[in-house]
Amino acid sequence: MISGPPAAAKGQRPGRTTATRQKLFDASMELIGQRGAANVTVDEIAHAAGVSKGTVYYNFGSKSELIAQLLRHGVDILKSRLLEARTEPAKDPLPAMEAMIGQAMDFMAEYPSFARLWVSENWRTPSEWQGTFAVLRGELLAVIAQAVDDVAKAYPVDESVSRGSLETAIFGACFVVGLDRQTYNPERSRDQSVAAIMAIMRGYVLKLPAPRE
């Protein structure tokens with residue numbers, strides 16, 4: 001989640017500080033998601049959040065750090081949901097993977113501005129947040145890798161498929177399919193989007209169990 005300011009202001013109550021920082025997060029995520037990080041100023045973020053520009057600098061130190069912590073906040077939410085879906089008791093790891101992808105679709109629907117920020121800035125080069133993206137991307141890919149490994153232990157799989165490429169395909173599809181649904185195809189159901197991404201995973205498995213009668 002968003003970390004605290006460099007030093008607490010003397011006499012400022014923690015509850016008030018937390019509420020202010022959440023307002024800053026909400027305002028900056030919306031503005032940056034709509035227009036891109038480079039096109040949003042600290043003044044605009046402060047105005048949208050209803051605070052002074054000095055408050056923004058107090059809580060984040062700089063615009064660059066604000067965006068870095070914005071990315072961390074969103075990834076922490078998504079990662080927590082993916083881990084919860086993966087660790088739910090299940091005999092079959094494929095439904096667990098399906099549940100994870102469903103959670104990713106729900107996240108994209110709930111935080112479309114964050115998804116737009118991630119897609120627009122993640123592959124931009126050069127980027128001052130390249131190091132931040134590398135760390136956060138690695139954390140999300142590690143969760144997906146664990147779920148893929150669960151499937152590989154339970155099923156015969158196509159060993160000619162690069163595990164890293166497979167994990168990246170699932171990871172990228174979650175963002176692209178989820179964001180495409182929000183932006184261009186709102187009539188497309190959540191289940192349809194999940195099924196499309198699961199087709200990648202099912203193609204990796206060489207033999208699926210016969211359907212129940």
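The largest cavity in this predicted model has a volume of about 100 Å³. A search of the whole structure finds 1 cavity of 30 Å³ or more. Of the 13 residues lining the largest cavity, Leu82, Ala104, Ile144, Phe171 and Cys174 lie closest to its centre. The lining consists of 13 nonpolar residues, with no polar and no charged ones. Four helices each supply at least two lining residues: H4, H5 (93-110), H7 (130-154) and H8 (163-183). H5 gives the largest share, 5 residues.

The largest nonpolar core has 64 residues, and the members that touch the most others are Leu71, Trp118, Ile170 and Met201. Helix H4, which spans residues 63-87, contributes the largest share of this core, 10 residues. In soluble globular proteins, nonpolar side chains tend to be buried together.

Leaving aside neighbours within four places in sequence, Met201 is in contact with Leu94, Met97, Val148, Val151, Leu166 and Ile170. Ile170 is also among the core residues that touch the most other members.

An α-helix has 3.6 residues a turn, so residues three or four places apart point the same way. After H3 comes Gly61, which has a positive phi, near 85°.

How values were computed. Residues are numbered from 1 along each chain as its sequence is written. This is a predicted model: local features need pLDDT of at least 70, side-chain atom pairs count only at pLDDT 80 or more; totals for chains, interfaces and linings use all residues. Side-chain values use heavy atoms; hydrogens and water are left out. A nonpolar core is a set of buried Ala, Val, Leu, Ile, Met, Phe, Trp, Tyr and Cys residues joined through side-chain atoms within 4.5 Å. Buried means under 20% relative accessible area, exposed over 50%, partly exposed in between (1.4 Å probe, protein chains only). Contact means heavy atoms within 4.5 Å. On a 1 Å grid over the protein atoms alone, a cavity is a set of points where a 1.4 Å probe fits but cannot get out, and a pocket is an open set with protein on both sides within 12 Å along at least five of seven lines; lining residues have an atom within 4 Å of a point. Grid points are joined across faces, edges and corners, and a volume is the space filled by probe spheres set on the points. Ala, Val, Leu, Ile, Met, Phe, Trp, Tyr, Cys and Pro count as nonpolar, Asp, Glu, Lys and Arg as charged, and the others, Gly among them, as polar.
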